[in-house]
Amino acid sequence: MHGPVDIGPISRGEIVIDGYTKGDVHLLDVRDGDGFGVPPEDESGFGWTMKLDGKPIGCGGFQGIGQGIGVVWVMLSDEVRGHGLKLCRFARMATDIAFEEMGWHRIQAAVRCDMPEYQRWAELMGFECEGRLRKAAPDKTDLYLYAKVI
């Protein structure tokens, strides 16, 4: 089993991407359903926090679920708007690192069916929709299962 992966800090202009710590996601100003997946309760897996002027505006990461499979989670505040290209470039790099360093052959994400912007983002990241999970979110919203397989 591979250990945690150190991915930060990385600077992209005024944006700094640093390693995720447990409390970072609670500093985000997010709407219900803004993001996909569930941040870990502990610091297992690995993740990042995207900061603008020192303030967290997005968090994301990966957790292994066994048998060469990882799950991605992402939570973003409205303040990330306008920095999507930087986020997308970084997320692609982080996904490549996850496959390489963790030895995974599959990474999957559960994306709310009522959030088309996250569906588009998953597709931009090279994930393909594999199907619909009916009433799978805590609020009984349907989810799409996306996956990237190498």
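These legends accompany close-up views of a predicted model.

**View 1. The largest nonpolar core, with Phe62 and Ile107 in focus.** At least two residues each come from strands E2 (15-19), E4, E5, E6 (69-76) and E7 (106-112), and from helices H1 (84-102) and H2 (116-124). H1 gives the largest share, with 8 residues. As a general pattern, nonpolar side chains in soluble globular proteins tend to be buried together.

**View 2. Ile107 and its contacts from elsewhere in the sequence.** Neighbours within four places in sequence are set aside here, and Ile107 is then in contact with Phe62, Gly70, Val72, Thr95, Ala98, Phe99, Phe127, Tyr146, Ala147 and Lys148.

**View 3. A second, separate core.** This one has 6 residues, among them Tyr20, Val25, Leu28 and Trp73.

**View 4. Asp53 in the loop between strands E4 (46-52) and E5 (55-66).** Have a look at the backbone here: phi of Asp53 is near 55°, a positive value in a residue that is not glycine. Asp53 counts as exposed because its relative accessibility is 72%, over the 50% cut-off.

**View 5. Lys135 in the loop between strands E8 (128-133) and E9 (143-149).** Lys135 is another non-glycine residue with a positive phi, near 50°. With a relative accessible area of 59%, Lys135 is exposed.

Methods
Residues are numbered from 1 along each chain as its sequence is written. This is a predicted model: local features need pLDDT of at least 70, side-chain atom pairs count only at pLDDT 80 or more; totals for chains, interfaces and linings use all residues. Side-chain values use heavy atoms; hydrogens and water are left out. Helices (H or I, at least four residues) and strands (E, at least two) are DSSP runs, numbered from the N terminus. Buried means under 20% relative accessible area, exposed over 50%, partly exposed in between (1.4 Å probe, protein chains only). A nonpolar core is a set of buried Ala, Val, Leu, Ile, Met, Phe, Trp, Tyr and Cys residues joined through side-chain atoms within 4.5 Å. Contact means heavy atoms within 4.5 Å.
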